[in-house]
Amino acid sequence: MRYEIKGQPFPVVICYLENGEQMITERGSMVWQSPNIRMETNGGGLGKMFSKAFSGESMFQNIYTSERGTGMIAFGSSFPGKIIPIEITPHKNMILQKKAFLASEAGVELSIHFNKKLGAGFFGGEGFIMQRLSGSGIAFAEIDGELIEYELAPGQEIIVDTGNVAGFESTVSIDIRQVSGLKNKFFGGEGFFNTVLTGPGKIWLQTMPVSGVAEALRPFFPTGNS
C-alpha cells in the first residue's frame with residue numbers, strides 16, 4: 001500500500017491499494033474512491049460488538065478491498081488538524097483516544113484499551129476508555145490542531161489536560177491526579193483533575209481538541225427557546 005497525505009486544514013490521506021489489499025475504518029471517513037474498491041461492513045463477532053457498544057465506539061467496521069487491479073481510496077479528517085501515519089509492529093503498539101483512529105491496513109488489530117489505575121477509571125472521563133492498535137501495518141490517526149511529540153524517559157512524568165492527549169506508546173502509563181488546593185479546583189478554570197503520563201515511551205499531544213472548542217463556543221449558543 002502506498003499513500004500520500006494532502007490538504008490543510010482538513011487533510012485527507014489517499015491510499016493506493018494493489019489488487020486484493022484492504023483498508024479498514026470504524027466510521028464514515030471515506031471521501032472518495034475508485035470504482036473497483038469494494039466495501040463490506042463487518043461486526044467482528046458478538047463479543048467484540050458488545051464491548052464496542054459499551055465503550056461508545058461504532059459496533060461495525062468498513063472493510064475496503066481493491067479488486068481487478070490497483071485501486072485508490074481517500075479518508076478525510078472531520079476537524080481542522082493533521083493526519084499522522086503510524087507504523088504498528090508486534091513490538092510497537094499504540095494507544096489512541098477513541099476518536100483519533102481514522103483508518104488502517106487490514107493487518108492492524110483494533111481493540112478496546114481500559115486504563116487499569118483506579119484514578120483513571122473513576123475520574124478520567126474520555127481518557128478511561130481508549131483504543132489499542134496492535135498487529136502489523138500502517139494506521140492513520142486524526143489529530144485535532146497541531147501535533148506535539150515528546151519522548152519520555154523511564155519514570156519521567158508530564159501533566160496534561162485530558163482532552164489534549166492524542167495517544168501514546170503502550171509502554172507509557174496513564175493516571176489521573178487531582179488539582180491541588182480548593183481555590184485552584186474551583187476558581188482556576190482547569191477542572192478538578194489532570195492526566196499524568198509516565199514514561200518510558202513516546203506520547204502525542206494535540207493542541208486544539210474538539211472538546212475544548214465545543215466548550216469555548218458553548219456560551220455563544222442559545223440554551224432555551226427564544
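Select Y64 to begin: at 3% relative accessibility this residue counts as buried, where buried means under 20% relative accessible area, exposed over 50% and partly exposed in between, computed with a 1.4 Å probe on protein chains only. This is a predicted model, in which local features need pLDDT of at least 70 and side-chain atom pairs count only at pLDDT 80 or more, while totals for chains, interfaces and linings use all residues. Residues are numbered from 1 along each chain as its sequence is written, and side-chain values use heavy atoms, with hydrogens and water left out.

Next, look at the aromatic pairs, of which the structure holds two; rings of Phe, Tyr and Trp (its six-membered ring) pair if their centres lie within 6.5 Å, and planes under 30 degrees apart count as stacked, over 60 as edge-to-face and the rest as tilted. Select Y3 with F140, an edge-to-face pair with 5.0 Å from centre to centre and 75 degrees between the planes. Because Y3 lies in strand β1 (residues 2–6) and F140 in strand β13 (residues 137–144), this pair ties together parts that are 137 residues apart in sequence; strands are DSSP runs (E, at least two residues), numbered from the N terminus. Y3 is partly exposed, at a relative accessible area of 35%, whereas F140 is buried, at 0%.

Y64 lies in strand β6 (residues 61–66) and F75 in strand β7 (residues 71–76), so the pair ties together parts that are 11 residues apart in sequence.

Definitions and conventions. Helices (H or I, at least four residues) and strands (E, at least two) are DSSP runs, numbered from the N terminus.
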